[in-house]
Amino acid sequence: MNTKTCCFSGHREVCPEKIPLLEKELNRIISDCIEKRYRRFLCGGAVGFDFLAAKTLLTYQNTCPEIQLEIVFPYRYLPPMWKKVTAKADRITYLSETYYSGCFYARNRYMVSQSHGIIYYLEKETGGTAYTMRCAKNSGLELFPITLSSESEW
């Protein structure tokens, strides 16, 4: 069986009141992806949604040990909040040694190019998540949207 890969994309700023519902939706969609034979998950290593997605995925390690988490940082820097999560990840990828203008977009394109599907949380039609969604749609990825009530769904 070929391993199917899914990446995560979402906003860095997440309203604290939405976190419980986001976690619930992440669990639901991750479970659906596991049923659809997704086993490798790529996470962008940012604050907000990325961090929440990685922590949520790691809760599946005991019940589904074949799940793999790869954290993709745009450049060689490990934010302190990620130390415990990266210790449990299967792989850490640094796409560049140093920061450069556009490195976050390059990270997003890399994750899309490695993936068959994308789990995303999109609240606005501009910024990195919207850019990543356009790349994902243009690449024909399977889309797994997280929608909270009246928020937009692509």
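This is a predicted model: local features need pLDDT of at least 70, side-chain atom pairs count only at pLDDT 80 or more; totals for chains, interfaces and linings use all residues.

Student: In what order do the elements of the chain run from the N terminus on?

Tutor: The chain contains five helices and six strands. Read from the N terminus, their order is β-α-β-α-β-α-β-α-β-α-β.

Student: What radius of gyration does the chain have, and why does it agree with a compact globule?

Tutor: The C-alpha trace spans about 35 × 35 × 35 Å along its principal axes. For 154 residues, a compact globule would have a radius of gyration near 15 Å, so the chain's value agrees with that expectation. That value is 14 Å.

Student: Is Cys135 buried or exposed?

Tutor: Cys135 is located in helix α5, which covers residues 128-138. A residue counts as buried when its relative accessible area is under 20%. Cys135 has a relative accessibility of 18%, and therefore it counts as buried.

Student: Which residues does Cys135 touch, if those up to four places away in sequence are not counted?

Tutor: Contact here requires heavy atoms within 4.5 Å. With residues up to four places away in sequence set aside, the residues that Cys135 touches are Arg109 and Val112.

Student: Against which elements do the buried residues of α5 pack?

Tutor: The buried residues of α5 are Thr129, Ala130, Thr132, Met133, Cys135 and Ala136. In an α-helix there are 3.6 residues a turn, so residues three or four places apart point the same way. The elements against which the buried residues of α5 pack are β1 (4-10), α4 (103-113), β5 (117-121) and β6 (142-146).

Student: Which element supplies the largest share of the largest nonpolar core?

Tutor: This core has 33 residues, and those touching the most other members are Phe8, Leu26, Phe41, Phe49, Leu69, Ile119 and Ile146. At least two core residues come from each of β1, α1 (19-35), β2 (38-43), α2 (49-58), β3 (68-73), β5 and β6. The largest share, seven residues, is supplied by α2.

Student: How many residues does the other core have, the one that lies apart from this core?

Tutor: Among the members of that other core are Leu42, Leu122, Met133 and Ala136. Met133 and Ala136 are also among the buried residues of α5. The number of residues in this other core is 13.

Student: What share of the 154 residues in the chain is buried?

Tutor: The cut-off for a buried residue is again under 20% relative accessible area. By this criterion, the buried share of the 154 residues is 48%.

Terms used. Residues are numbered from 1 along each chain as its sequence is written. Side-chain values use heavy atoms; hydrogens and water are left out. Helices (H or I, at least four residues) and strands (E, at least two) are DSSP runs, numbered from the N terminus. The radius of gyration is taken over C-alpha atoms; the globule rule is 2.2 Å times the number of residues to the power 0.38. Buried means under 20% relative accessible area, exposed over 50%, partly exposed in between (1.4 Å probe, protein chains only). A nonpolar core is a set of buried Ala, Val, Leu, Ile, Met, Phe, Trp, Tyr and Cys residues joined through side-chain atoms within 4.5 Å.
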